[in-house]
Amino acid sequence: MSIEFCGLRLAHPVINASGTFDLLAAAETFDGGLFHPFPFAAFVSKTITLAPRGGNPPPRLWEAPAGLINSIGLPNRGLTGYLEHDLPRLRELLGEVPLVTNVMASTAEELGELVAALDDREEVAAIELNVSCPNVHTGLDLGADPAELAAALRAVRPRTDKPLIVKLTPNAADVPAVAAAAADAGADAVSLINTLRAMALAPRAGVAWLGGGGGGLSGPAVRTVALAQVAAVAARVDVPVVGMGGVQTAAHARDLLDVGARLVAVGTESFRDPAAGARIARGLQASPAKRGFSSAQQV
Ligand code: RRO
């Protein structure tokens, strides 16, 4: 089942979605028990920003019907803290498993700085750009507008030779157009979907429940949306696609592979079952390949 992805050789097609598997915390909680075999063929870090961030005020989670709304707000040690503290420990825990570092910034200059710093570190196999962030100059989400994203990528691309994966937002008018712009501007791969913009009100209070106001919906509730968007993007771009959104079983992962994803990421399901990645990878091994989806069936 070994898979080629952006020059990396992966043991199987299942990885984690950024921000849904805290490897440093899991290492303490499970005392190594979760790691034989490690659930994912590559590990994607949570999102790193240039400056340290404390994250959003609580509450940060809301259980929705068949899903989860989060408003975590990017808590992280910042670039320096990541490079000095997290990166050596992640490398030690991962052994041979490739590490993908996910980064976010609100300007192309900052994004370039993050990417250049990671380019210097051999522990990092690839970089994922989280573009679900408003540009401070234009107010537009980098990943919502093809031209915005292309401009940012053209500034960032020359700063690394490592594979660049663009993590697309589903909250865009034309996701395949954004994906095509990313590929044309030098992305080596695209990944999708991030969470769907959502909100929840506190019971009987009529005010937002989440400390951050709105949040992002994930889990089984978004699975069919993800399938449609992954199919449409895979039909549009030639670069490899990492599909994710509501994957709980090997059959869900197979669906994403069948519509053109090269890899599948497991996200919210890992909160329920931290060994889900390994279970789904095993299940895929036993399930038949292509069921004959053709892009002519696109919605
Ligand atoms: O940290 C978050 O609240 C968060 C991020 Br950066 C993201 O990309 N997607 C999401 O659902 N939550």
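**Reading the cavity, the helices and the backbone**

Mentor: Let us start with the largest cavity, where β3 (14–16) and β13 (241–244) each supply at least two residues of the lining. Keep in mind throughout that this is a predicted model.

Trainee: Which residues line the largest cavity?

Mentor: The lining consists of Ile15, Asn16, Ala17, Ser18, Val44, Val100, Glu128, Ile165, Ser191, Val242 and Met244. Each of them counts as lining because it has an atom within 4 Å of a cavity point.

Trainee: What makes this space a cavity rather than a pocket, and how many cavities of 30 Å³ or more does a search of the whole structure find?

Mentor: The space is called a cavity because a 1.4 Å probe fits there but cannot get out, whereas a pocket is open. The search of the whole structure finds one cavity of 30 Å³ or more, and about 50 Å³ of space lies in the largest cavity.

Trainee: What span would a straight helix of 17 residues have, and how does helix α2 (residues 78–94) compare?

Mentor: At 1.5 Å a residue, a straight helix of that length would span 24 Å, but the end C-alpha atoms of α2 span only 21 Å. The helix bends by about 40° at Asp86, and Pro88, a proline, follows within four residues. Just after α2, Gly95 takes a positive phi of about 60°.

Trainee: Which residues of α2 are buried, and what covers them?

Mentor: Gly78, Leu79, Gly81, Tyr82, Leu83, Asp86, Leu87, Leu90 and Leu94 are buried; they are called so because the relative accessible area of each is under 20%. Their cover includes α1 (23–30), β4 (43–48), β7 (99–103) and α3 (108–119).

Trainee: How do you know whether the span of α6 (residues 223–236) agrees with its number of residues?

Mentor: The 14 residues should span 20 Å at 1.5 Å a residue, and the end C-alpha atoms of α6 are 20 Å apart, so the two values agree. The buried residues of α6 are Ala226, Gln229, Val230, Ala231, Val233 and Ala234, and their cover includes α5 (175–184), β10, β13 and α7 (250–258).

Trainee: What does Val233 touch, leaving out residues up to four places away in sequence?

Mentor: Val233 touches Leu168, Val175, Pro176, Ala179, Val190, Leu192 and Val241. In the largest nonpolar core, of 81 residues, Val233 is one of the members that touch the most others, along with Leu129, Val166, Leu168 and Val190. Another core, of 18 residues, lies apart from that one, and Ile3, Leu8, Ile15 and Ala189 are among its members.

Trainee: What is omega for the cis peptide bond that joins Pro58 and Pro59, and what is omega for the one from Leu192 to Ile193?

Mentor: Between Pro58 and Pro59 omega is about -5°, and Pro59 is found in the loop between β4 and β5 (61–64). From Leu192 to Ile193 omega is near 10°, and Ile193 is placed in the loop between β10 (189–192) and β11 (196–198).

Methods. Residues numbered from 1 in each chain as written. Predicted model: local features only at pLDDT ≥ 70, side-chain atom pairs only at ≥ 80, totals over all residues. Heavy atoms only, no water. Core = buried A, V, L, I, M, F, W, Y, C linked by side-chain atoms within 4.5 Å. Buried < 20%, exposed > 50% of the residue type's maximum accessible area, 1.4 Å probe, protein only. Contact = heavy atoms within 4.5 Å. Expected span 1.5 Å × (residues − 1). Bend = angle between axes of the 7 residues up to and from the residue. 1 Å grid on protein atoms, 1.4 Å probe; cavity = no way out; pocket = protein on both sides within 12 Å on 5 of 7 lines; lining within 4 Å. Points joined across faces, edges and corners; volume = space filled by probe spheres on them.
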